[in-house]
Amino acid sequence: NLFEGLVSPDPETTLPTAAIAERWEISGDGRVYTFHLRRTTWSNGEALTAADFVHAWRRVVDPVMGSSYSHLMVPIKNAREIVQKKADKETLGVRAVDDQTLEVTLNHRTPYFLQVLCLNIFFPVHRATLEKHGASWTEPGRMVGNGPFVLTERAVKVRKVFEKNGRYWGADRVKLQ
């Protein structure tokens, strides 16, 4: 509810459907995915760009981060090598062609790749917020997301309070208050 990725599971079919990516193309050999992003913003009003996905995905495979879910990125070119400290995170097969175009190169055809993109490790993160707040970037009032809601209050193991994100690209479709 606080973040959204390139695709989301359709509520009826569970198949990947357009989210931040309005559309995409897959190369004939099934190894290169080109995602065309909708023009949207973070909850703070800053533009969300393809570079935000590049940064987030490199962060997941960075051995310094130690993500226990980095193995889900293995279909992406050089992901395994990066996690194993055999390559630099900058060599991950993902690049921002321009602000609205993300290109992902896979090691080989991966028929389930669009489905795996529905998982939250493939969501973008707001780089400036991470750099400014470090480990406390997820606190209410600090977290900058791109989903339909923003976190306004949190009491650990007690409650979380969310408000609609008026800057969300599909805000008019969000029915919950």
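Predicted model: local features only at pLDDT ≥ 70, side-chain atom pairs only at ≥ 80, totals over all residues.
## The largest pocket

Let's start with the open spaces. The largest pocket has a volume of about 440 Å³. Its lining is made of 17 residues. If you want to find the middle of this pocket in the structure, look for Arg59, Asn120, Ile121, Val125 and Trp137, which lie nearest its centre.

What is the lining of the largest pocket like, by class? It divides into 12 nonpolar residues, 4 polar ones and 1 charged one.

## The second largest pocket

The second largest pocket has a volume of about 240 Å³. Here, too, 17 residues form the lining. Nearest the centre of this pocket you will find Asn1, Glu4, Pro148, Tyr168 and Val174.

Which strand gives the largest share of this lining? That is β1, residues 7-9, which provides 3 residues. Sorted by class, the lining of the second largest pocket holds 10 nonpolar, 4 polar and 3 charged residues.

## A cavity

Searching the whole structure for cavities of 30 Å³ or more turns up 1. The largest cavity has a volume of about 40 Å³.

The residues around the largest cavity are Leu2, Ser43, Met143, Val144, Gly145, Phe149, Val150 and Leu151. Of this lining, 6 residues are nonpolar and 2 are polar, with no charged residue.

## Arg38, a buried arginine

Next, find Arg38, in the loop between β4 (32-37) and α1. Is Arg38 buried or exposed? Its relative accessibility is 15%, so Arg38 counts as buried, because buried means under 20%.

What does Arg38 touch, leaving aside its neighbours within four places in sequence? Its contacts are Ala18, Ala19, Ile20, Ala21, Glu22, Gln100 and Trp169.

## Pro75, a buried proline

Our last stop is Pro75, which sits in the loop between α1 (50-61) and α2 (79-83). With a relative accessibility of 7%, Pro75 falls under the 20% cut-off and therefore counts as buried.

Leaving aside neighbours within four places in sequence, Pro75 is in contact with Leu106, Asn107, Thr110 and Tyr112.

Methods:
Residues numbered from 1 in each chain as written. Heavy atoms only, no water. Helix = DSSP H or I, 4+ residues; strand = E, 2+ residues; numbered from the N terminus. Buried < 20%, exposed > 50% of the residue type's maximum accessible area, 1.4 Å probe, protein only. Contact = heavy atoms within 4.5 Å. 1 Å grid on protein atoms, 1.4 Å probe; cavity = no way out; pocket = protein on both sides within 12 Å on 5 of 7 lines; lining within 4 Å. Points joined across faces, edges and corners; volume = space filled by probe spheres on them. Nonpolar A, V, L, I, M, F, W, Y, C, P; charged D, E, K, R; others polar.
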